[in-house]
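Student: I would like to look closely at a single part of this protein, and then see how that part sits among the other side-chain pairings of the chain. Please take me through it in one connected answer.

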Amino acid sequence: MAMYVTAAGLELALGIVLLPAWLIAAVTTGLQPGRRTAGRMRRMSRIALVLVALALLLTAARLVTYGLLALHGWAFVGDRRLFTTFVMLLPAVIATVAWTVPWLISAARMRLPDRDALVPLDEQSRARSPRHVVPPRVAAFGGFACLAQIFLPPDRSFWISLVAYGLITAAVAGLLVWRANARLQRLFTGREIPRRRALAVRLGTAVVALGTVVGLVNYGIADSRLPHTFSMMKGRADWGGGAAGQHHDMAGGHHMASGTSGADEVSVDKLRGPRSGTPDRRFSLTAQAKKEKLASGKTVDAWTYNGQVPGPQLRVTEGDLVEIKLRNELPGKTPVTIHWHGVDVPNGEDGVAGATQDAVLPGKSFTYRFRVEESGTRWYHSHQAASEQVDRGLFGALIIAPKKQTRPVDKDVSVLAHDWQTDKGLVSAIGASDELERRRAEPGEKVRVRLTNTSGTTREFAIDGVPYKVTALDGTDVHKPTALKGKKLVLGGGNRMDVEFTMPDGPVRVTDGSAPDAGIVYSPNGKGELKADLSGPEFDPYSYGSPKKTELRPDSDFDRDYKLVFDEWLGFYDGTFGLKQTINGRVFPDTPMLMIKEGDLARATFINRGNEDHPMHLHGHHMLALSKNGKRASGSPMWQDTVLVRPGEEVQVAFKADNPGIWMDHCHNFWHSKLGMVMHLAYDKVTTPYEIGGPVGNKPE
C-alpha cells in the first residue's frame with residue numbers, strides 16, 4: 001500500500017507540474033524566431049533547450065510511476081491516466097525529440113563571428129517552421145489533458161477513450177500547425193492574416209473560451225444538484241453478469257415489469273420483525289441535544305441518546321426478541337433514525353431514512369422490533385444525515401451475548417473510539433474520555449476489550465504489556481486464534497475487533513493511535529504506568545487463525561459477480577465543487593445498483609485506486625473475505641459487515657442473498673458517502689414506498 005500511495009501521489013504531482021513545464025517550454029521555443037541577432041537567438045535556444053529537457057524528464061518520470069502503478073493491476077493505470085499520456089502527450093513528446101530538440105541543439109551551437117549580426121532570413125524561416133514550434137505546444141496541451149484527467153469520469157471503454165482523445169489531439173495539433181504556418185493561412189484565406197486582425201482573433205478566442213468556462217461551471221453546478229425528492233431505487237441496475245429479473249424500471253421508485261400486476265412484489269415496510277409477542281428485552285432511546293464535557297473539560301455541543309455520549313450500552317442475548325422505542329426530542333426540525341450496524345435485521349428494521357423508513361421528526365417516535373439470530377460486538381447509530389449526527393454523538397454499543405458462553409470473562413469492556421468537535425477543536429477520545437484512564441484488574445482475571453471505530457477514518461490500536469488474542473472480527477468469532485504481541489490493530493470506519501487477554505502482575509495499556517495520550521491502563525492497584533507503543537507491524541487478519549470449512553469458497557459457483565472500482569475526481573456534486581467519491585466512475589444516485597435474487601451466491605471485487613481508505617459496509621449481510629491483492633485468505637474464515645479497502649488494494653468478498661430487501665451499501669466514512677460513495681443491494685421483486693427528501697427531509701448518508 002505504501003508504494004501505491006507514493007506512486008499515486010507522485011503521479012498526481014507530475015500531472016500538475018507537466019502543464020506549466022511544457023507551457024513554459026513551448027512559449028520559450030516560440031519566442032526563439034523573434035530573436036533578430038545571432039547572439040540572442042543562441043541564448044534563447046539554450047534556455048529553450050534546458051526547459052524542453054526538464055519537461056521531457058518530468059514526462060519520463062510520469063511513465064515510471066505508471067510502471068509502479070501497473071504492478072497493482074491494469075485498473076490502477078488504465079483509462080484516463082493511460083490515454084491522456086499515451087494518446088495526447090506522448091506523440092507530441094516524440095515529435096519534440098525528433099524535430100524540436102535537434103533544431104534547438106543546432107541553434108544553441110551556432111557559430112558567432114559577430115554576436116550582433118542579424119540572423120539570416122533562411123535561419124529565421126527555419127526557426128518558424130511548424131516542425132520546430134508546434135510539438136512543444138501540442139505537448140503543453142497534453143500536459144493540460146493530464147491535469148484535466150481528474151475532472152473526467154475514470155471508467156470509459158478503451159475504444160471510446162482512444163477515439164475521443166485521438167480526435168481532440170488531432171484537432172488541436174492541426175489548429176496549432178495552421179496558426180504557425182503562413183503558407184497554410186494563405187492557402188485557406190488567400191492572404192496572410194494581418195497582425196492586428198490576428199490579435200483581434202486571439203482576443204475574441206480568449207473571450208469565447210472564458211465564456212465557455214463560465215457557462216460550463218454554471219451548468220455543472222445546476223446539473224449536479226440532487227432533486228428535492230427521488231427514490232433510493234434510482235440507479236443503474238447491475239445484475240452481476242447473471243440472469244436479469246423481471247423488473248427493469250428502477251428510477252422514481254417504479255419497480256414494475258410490463259405485463260405484470262406486481263402482485264408478487266413485496267414492500268420493505270412489510271419486511272418487519274415480529275409485531276406480536278412479549279419482548280425479551282425492551283429499551284427506550286430518546287434523541288436529545290446536550291452540552292457534554294469530555295474528561296479534559298472540553299465541551300461538545302452533542303446530540304445524544306438518553307443524554308449520554310456515547311449512548312447507553314444495549315446488552316441482549318442471542319435469540320432475544322428485542323424492542324427499542326426511539327423518540328426524537330432534538331431541537332428544530334431535525335429528524336433521526338437508528339441503524340443496527342452489523343445486525344442482519346429484517347429490512348424494515350434497518351433504520352435507513354428514505355429507504356426502509358421515514359426519519360422520525362421531533363415529537364414523534366418509531367418502534368423497532370426484531371429477533372437477534374447472532375451474537376457478538378455490534379453498535380448502533382443514526383442513519384439520517386449520518387456525517388453530522390454520528391459525529392455529534394448519536395451512537396452507542398450493542399452487545400449480543402451468545403446463548404452458550406464458551407469464553408467467559410471477568411471484565412468485558414467496550415472501547416468506542418470517536419472524534420469529537422469541541423470548543424477547542426477536533427479531539428480524539430475513547431467514548432467521552434480524551435485523557436488517560438486507569439482501572440483495576442486483578443492478576444489472572446480474563447479481560448475482553450471490544451474495540452469499535454465509530455469514526456469514518458481508519459484507526460490504529462495497540463495492546464501493550466501482555467500477550468493477547470484477537471477473538472472476533474466485526475463480532476464474528478475467529479477460529480483458533482493464536483497469541484499476539486506488539487501488533488498494530490487496524491480498524492476501518494465501523495469495524496470492530498474483540499481482544500482478550502489474561503491480566504498479568506504488571507500494567508496493561510489499551511491505546512488508540514489517534515489519541516496516544518489517552519487510552520486505558522489496567523493494573524492491580526489502578527495506578528499503573530505504561531508507555532504506549534504503536535511502532536509494531538500491522539496485524540494481518542487474512543492469515544490469522546486456522547482455516548475452517550464454509551459454505552462459500554473462492555471456487556464456489558457464483559450467480560452474481562460484481563466489479564466495483566473506487567476513485568475520486570474533482571467536479572460538482574449537489575451544487576458544490578469538490579473531490580467526488582466515485583464507484584465505477586459515478587456518484588449516487590447514478591452509482592451501480594447491485595441487483596440480486598433471493599438464494600443467489602454473489603462475489604464482489606473491490607478495487608481502490610484512489611488515495612483514501614474506503615471501509616465498505618453492506619447492510620443486512622455478512623461478507624466472507626476471499627482474497628486481497630490476488631492472494632487467498634489463509635486464516636480463519638473472516639466474516640465482516642464492513643470491509644476495509646485501502647489505496648492500491650483489490651479485495652474480493654462473497655455473500656449469500658438470504659435477507660430480502662433494499663440494502664444500503666456504502667463507504668462508512670460518512671463524508672465519502674456524502675460526496676457520492678453510496679449504492680444499494682436490491683433484491684428482485686422488492687420495492688420501497690419511501691423517498692429521499694419529502695416532508696420529513698430523509699437524508700440517509
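Which side chain does Lys-411 meet in a salt bridge, and what is the N to O distance?

Tutor: Please keep in mind throughout that this is a predicted model. The side chain of Lys-411 meets that of Glu-445 in a salt bridge, with 3.8 Å from N to O. The pair links distant parts of the chain, since Lys-411 is in strand β12, which covers residues 411–422, while Glu-445 is in the loop between β14 (437–440) and β15 (446–453), 34 residues apart. A relative accessibility of 26% places Lys-411 in the partly exposed class, because that class begins where the buried one, under 20%, ends. The general idea behind such a contact is that side chains of opposite charge can pair when their charged atoms come close.

This salt bridge can be set beside others in the chain, for which the count comes to 34. One of them joins Asp-567 and Arg-609, whose side chains meet at 2.8 Å, N to O. Here too the pair links distant parts of the chain, with Asp-567 in strand β23 (residues 560–573) and Arg-609 in the loop between β26 (601–608) and β27 (614–618), 42 residues apart. Asp-567 has a relative accessibility of 3% and is therefore counted as buried, and Arg-609, likewise at 3%, is also counted as buried. Salt bridges that share partners go on to join several side chains into one network, made up of Arg-315, Arg-407, Asp-412, Arg-448, Arg-450, Asp-477, Asp-498 and Glu-500. A further salt bridge is formed by Glu-329 with Arg-327, and the closest N and O atoms of that pair are 3.6 Å apart. Glu-329 is partly exposed at 43% relative accessibility, and Arg-327 is partly exposed as well, at 33%.

Charge also meets an aromatic ring in this model, for Arg-392 lies over the face of Trp-303, at 4.0 Å from the ring centre.

The aromatic side chains pair among themselves too, and the count comes to eleven aromatic pairs. In one of these, Trp-340 and Phe-370 form a tilted pair, with 5.5 Å from centre to centre and 55 degrees between the planes. Trp-340 lies in strand β8 (residues 339–341) and Phe-370 in strand β9 (residues 365–371), so this pair ties together parts that are 30 residues apart in sequence. Tyr-380, with a relative accessibility of 0%, counts as buried.

Thr-96 lies in helix α3, residues 79–108, and is counted as buried because its relative accessibility is 0%. If its neighbours within four places in sequence are left aside, Thr-96 is in contact with Trp-22, Val-52, Val-101, Pro-102, Pro-135 and Pro-136. Leu-68, by contrast, is partly exposed, with a relative accessible area of 31%, and has its place in helix α2, residues 38–70. Together with Met-3, Val-64 and Leu-71, Leu-68 makes a nonpolar surface patch of about 370 Å².

For the chain as a whole, the secondary structure comes to ten helices and 36 strands, and of the 701 residues 53% count as buried. Among contacts with a separation of 6 or more, 78% are accounted for by residues 24 or more positions apart. The accessible surface of the chain comes to about 30,300 Å², and carbon and sulfur atoms hold 56% of that surface.

Technical notes:
Residues are numbered from 1 along each chain as its sequence is written. This is a predicted model: local features need pLDDT of at least 70, side-chain atom pairs count only at pLDDT 80 or more; totals for chains, interfaces and linings use all residues. Side-chain values use heavy atoms; hydrogens and water are left out. Patches are made of residues with over 30% relative accessible area and no salt bridge: like charges are joined within 9 Å, nonpolar side chains (Val, Leu, Ile, Met, Phe, Trp, Tyr) within 5 Å. Accessible areas come from the Shrake-Rupley method with a 1.4 Å probe; for residues, only the protein chains shown count as cover. A salt bridge is a side-chain nitrogen of Lys or Arg within 4 Å of a carboxyl oxygen of Asp or Glu. Helices (H or I, at least four residues) and strands (E, at least two) are DSSP runs, numbered from the N terminus. Buried means under 20% relative accessible area, exposed over 50%, partly exposed in between (1.4 Å probe, protein chains only). Rings of Phe, Tyr and Trp (its six-membered ring) pair if their centres lie within 6.5 Å; planes under 30 degrees apart count as stacked, over 60 as edge-to-face and the rest as tilted. A charge sits over a ring if NZ of Lys or CZ of Arg is within 6 Å of the ring centre and within 35 degrees of the ring normal. Contact means heavy atoms within 4.5 Å.
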